[in-house]
Amino acid sequence: MDAEHKFGVRKLEILDKSKGFIELLQQLTICDSVSDKEFEERFQEINSYGDDHLICVIEDDRSGKIIATGSVFIEKKFLRNCGKVGHIEDVVVDSAARGMQLGKKIIEFLTDHAHSMGCYKVILDCSLENKAFYEKCGYKQKEVQMVKYFI
């Protein structure tokens with residue numbers, strides 16, 4: 001992949017399942033195979049939220065594969081004059097495409113979306129090994145994440 005090639009960020013499309021979207025998510029965490037029907041149902045559900053839930057991708061138009069993705073959803077609050085907070089999730093760049101600033105493009109796209117939606121802040125969780133990357137994207141460590149899994 002040469003540096004001259006431009007990789008644009010766009011919204012997830014229904015056909016992206018056939019372009020390796022699920023396989024890309026499997027590089028991030030546990031993601032079982034998803035049937036076409038399941039994908040379409042979840043895609044339509046997320047689409048129905050409009051700009052309150054956005055999944056973006058970068059497609060390598062030479063290979064036709066999805067090589068980066070991330071999502072942001074907008075939480076509506078009573079705090080801060082009924083403010084909004086953006087939550088960035090599921091950011092992953094294909095292992096063969098790392099080091100090309102694609103993750104930075106995804107984060108900028110999602111951050112800009114949250115800002116344009118009127119969010120007063122945008123937050124994300126990351127592993128310690130990814131902390132430096134997110135700091136380069138303008139994020140800073142604030143608090144400690146706690147989690148309780150049900151499965």
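Guide: On a 1 Å grid over the protein atoms alone, a pocket is an open set of points where a 1.4 Å probe fits, with protein on both sides within 12 Å along at least five of seven lines; its lining residues have an atom within 4 Å of a point. Grid points are joined across faces, edges and corners, and a volume is the space filled by probe spheres set on the points. The model is predicted, so local features need pLDDT of at least 70 and side-chain atom pairs pLDDT 80 or more, whereas totals for chains, interfaces and linings use all residues. Residues are numbered from 1 along each chain as its sequence is written, and side-chain values use heavy atoms, without hydrogens and water.

Visitor: What volume does the largest pocket have?

Guide: The largest pocket is lined by 48 residues, with L25, L28, D90, V91 and V92 nearest its centre. Its volume is about 1,600 Å³.

Visitor: Which elements each supply at least two residues of the lining of the largest pocket?

Guide: Helices (H or I, at least four residues) and strands (E, at least two) are DSSP runs numbered from the N terminus. Those that each supply at least two lining residues are helix 1, helix 2, strand 2 (53-60), strand 3 (65-76), strand 4 (84-93), helix 4 (102-116) and helix 5 (131-136).

Visitor: How many nonpolar residues are in the lining of the largest pocket?

Guide: Ala, Val, Leu, Ile, Met, Phe, Trp, Tyr, Cys and Pro count as nonpolar, Asp, Glu, Lys and Arg as charged, and the others, Gly among them, as polar. The lining holds 10 charged and 11 polar residues, and its nonpolar residues number 27.

Visitor: Which residues lie nearest the centre of the second largest pocket?

Guide: The second largest pocket has a volume of about 990 Å³. Its lining comprises 12 nonpolar, six polar and 10 charged residues. Of the 28 lining residues, those nearest the centre are I123, L124, K140, K142 and E143.

Visitor: Which elements give two or more residues to the lining of the second largest pocket?

Guide: The second largest pocket is lined by 28 residues. Two or more of its lining residues come from each of strand 3, strand 4, strand 5 (121-124) and helix 5.

Visitor: Is K140 buried or exposed?

Guide: K140 lies in the segment after helix 5; its C-alpha atom is 18 Å from that of V72, 68 residues away in sequence. Buried means under 20% relative accessible area, exposed over 50%, and partly exposed in between, with a 1.4 Å probe and protein chains only. Because its relative accessible area is 73%, K140 is exposed.

Visitor: What angle lies between the planes of F21 and F39?

Guide: Rings of Phe, Tyr and Trp (its six-membered ring) pair if their centres lie within 6.5 Å; planes under 30 degrees apart count as stacked, over 60 as edge-to-face and the rest as tilted. The count comes to three aromatic pairs. F21 and F39 form an edge-to-face pair, 6.1 Å centre to centre, with an angle between the planes of 70°.

Visitor: Why is the pair of F133 and Y134 edge-to-face?

Guide: F133 is partly exposed, at 28% relative accessibility, whereas Y134 is buried, at 9%. Their ring centres are 4.8 Å apart, and the pair is edge-to-face because the planes stand at 70°.

Visitor: At what relative accessibility does D16 count as buried?

Guide: D16 is placed in the loop between strand 1 (9-11) and helix 1. D16 counts as buried because its relative accessibility is 0%.

Visitor: Near what value is the phi of C82?

Guide: C82 is found in helix 3 and is exposed, with a relative accessible area of 51%. R80 is found in helix 3 (residues 79-82), and its phi is near 50°. The phi of C82, a positive value in a residue other than glycine, is near 55°.
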